[in-house]
Amino acid sequence: MNGTELLNGLVVPLVTGLDENGMPDASTSTRLLDAMAGAGVTKLMLLGSNGEGPLLATSSLSPYVAEMVAAWRERVADGVVVVNATAPATTEALERGTIAVDGGADAVALCPPFYFRHRDDEIFDHYRRFERLGIPVIVYNLPRYTSEISPAVIGQLPDLAHVVGVKDSSGDLETLERLVALKQSRPDFGVSQGGETALVAGLRLGADGIVPGTGNVAPALSLRLVAAQRAGDDAAADEAQRVTTALTGMHGIRPGVPTVKAILDLLGLLPPHVAPPLAACTAAERSALEAFIAPYRSVLLEGGETAA
């Protein structure tokens, strides 16, 4: 698949089902995968920031990735799975990439290495080395947690044939515009907007698709947003964006993945276990989240129309 095919439409950056010891366990995601497929989702990204990927030991990932890829394709025959291989060092990232290849993934996503700040030539070389895996690579731009992908590196990306697209989670529309401009030399280069509060803005700038964390709890809303924008229904697209932005208010109660997992647990779809050192939501936080989602129940995975 080329980049536009991989990143077209909605890709859900799926949370990782864990057992009570914080280990990846594909069997805990059965109901969530059923609900995703039922909502019309066809593409998943595993082990990203919503998937707690950097908190999970590389040695624990192989069975999980293979089982999740197989389980998704049992539900969606042409289902796409991208696996995030980001790690602090190129060697470990390549090890995670090999796990993705062996598990049957369609592509790997890859941030620049994290912890240390790296020069442009080092970041470019990091991506160059992934050619050996023989699988499409999607650049994962997440400057909040990793080295920034500079305009200079962005301009070099089309030189790497195995790099087929970018998931941009910078939230910076100028950066997104630079990425979309790469299509002038590589029309099949995919670009996806990960900023949840600017999904419509990203699509209007020419992004092929979206990868919103809110897709974990409200994928049908995300699909509706994409469909409305493509149909030229600006009012419907803007309304879907409004509700999506409002949903991000859940992180005002408790930031991050524990909140998403608590909501999925309230919906009966996934255990709330998180990877250490993260801690699950407290009883008070769960109570506040239950009250928060009440007006949005109809757009969550249970379906229906929004009351927001």
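## Cavity and pocket

The largest cavity has a volume of about 40 Å³, where a cavity is a set of points on a 1 Å grid over the protein atoms alone at which a 1.4 Å probe fits but cannot get out. Grid points are joined across faces, edges and corners, and a volume is the space filled by probe spheres set on the points. This is a predicted model, in which local features need pLDDT of at least 70 and side-chain atom pairs count only at pLDDT 80 or more, while totals for chains, interfaces and linings use all residues. Residues are numbered from 1 along each chain as its sequence is written, and side-chain values use heavy atoms, with hydrogens and water left out. The structure holds one cavity of 30 Å³ or more. The lining of the largest cavity, meaning the residues with an atom within 4 Å of a point, consists of Leu7, Val11, Met45, Val82, Ala109, Ile138, Lys167 and Val211. These residues divide into seven nonpolar, no polar and one charged, with Ala, Val, Leu, Ile, Met, Phe, Trp, Tyr, Cys and Pro counted as nonpolar, Asp, Glu, Lys and Arg as charged, and the others, Gly among them, as polar.

The largest pocket, by contrast an open set with protein on both sides within 12 Å along at least five of seven lines, has a volume of about 1000 Å³. Its lining comprises 37 residues, of which Ser49, Asn50, Leu142, Arg144 and Tyr145 lie nearest the centre. By class, the lining of this pocket has 16 nonpolar, 17 polar and four charged residues.

## Loop between β2 and α2

Thr16 is placed in the loop between β2 and α2, helices (H or I, at least four residues) and strands (E, at least two) being DSSP runs numbered from the N terminus. With 0% relative accessibility, Thr16 counts as buried, a term that means under 20% relative accessible area, whereas exposed means over 50% and partly exposed in between (1.4 Å probe, protein chains only). Leaving aside neighbours within four places in sequence, Thr16 is in contact, that is, with heavy atoms within 4.5 Å, with Pro24, Leu47, Asn50, Gly51, Glu52, Leu56, Tyr64 and Lys261.

Asp25 also has its place in the loop between β2 (12-13) and α2 (30-39), and at 24% relative accessibility Asp25 counts as partly exposed. Beyond its neighbours within four places in sequence, Asp25 is in contact with Gly17, Leu18, Asp19 and Tyr64. Asp25 and Met68 are 43 residues apart along the chain, and their C-alpha atoms are separated by 9.1 Å.

## Backbone exceptions

Most residues other than glycine have a negative phi, and most peptide bonds are trans. Leu47, although not a glycine, has a positive phi of about 65°; Leu47 lies in the loop between β3 (43-46) and α3 (61-75) and is buried, at 2% relative accessibility. Tyr115 likewise has a positive phi, near 85°, and lies in the loop between β5 (107-110) and α5 (120-128). The peptide bond from Pro276 to Pro277 is cis, with omega near 10°, and Pro277 is found in the loop between α11 and α12.

## Aromatic pairs and cysteines

The structure holds two aromatic pairs, for which rings of Phe, Tyr and Trp (its six-membered ring) must have centres within 6.5 Å, with planes under 30 degrees apart counted as stacked, over 60 as edge-to-face and the rest as tilted. Tyr115 and Phe116 are edge-to-face because their ring centres lie 4.9 Å apart and their planes are at 85°; Tyr115 is exposed at 71% relative accessibility, and Phe116 is exposed at 55%. Phe292 and Tyr296 form a tilted pair, at 5.5 Å centre to centre and 40° between the planes, and both Phe292 and Tyr296 are buried.

Zero disulfides are found in a search of the whole structure, a disulfide being a pair of cysteine sulfur atoms within 2.5 Å. Cys111 is buried, with a relative accessible area of 3%, and Cys281 counts as buried at 13%.

## Loop between α11 and α12

Leu267 has its place in the loop between α11 (257-266) and α12 (283-293), and counts as buried at 11% relative accessibility. Apart from neighbours within four places in sequence, Leu267 is in contact with Arg297, Leu300, Leu301 and Glu302. Leu267 and Asp172 are 95 residues apart in sequence and, C-alpha to C-alpha, 33 Å apart in space.
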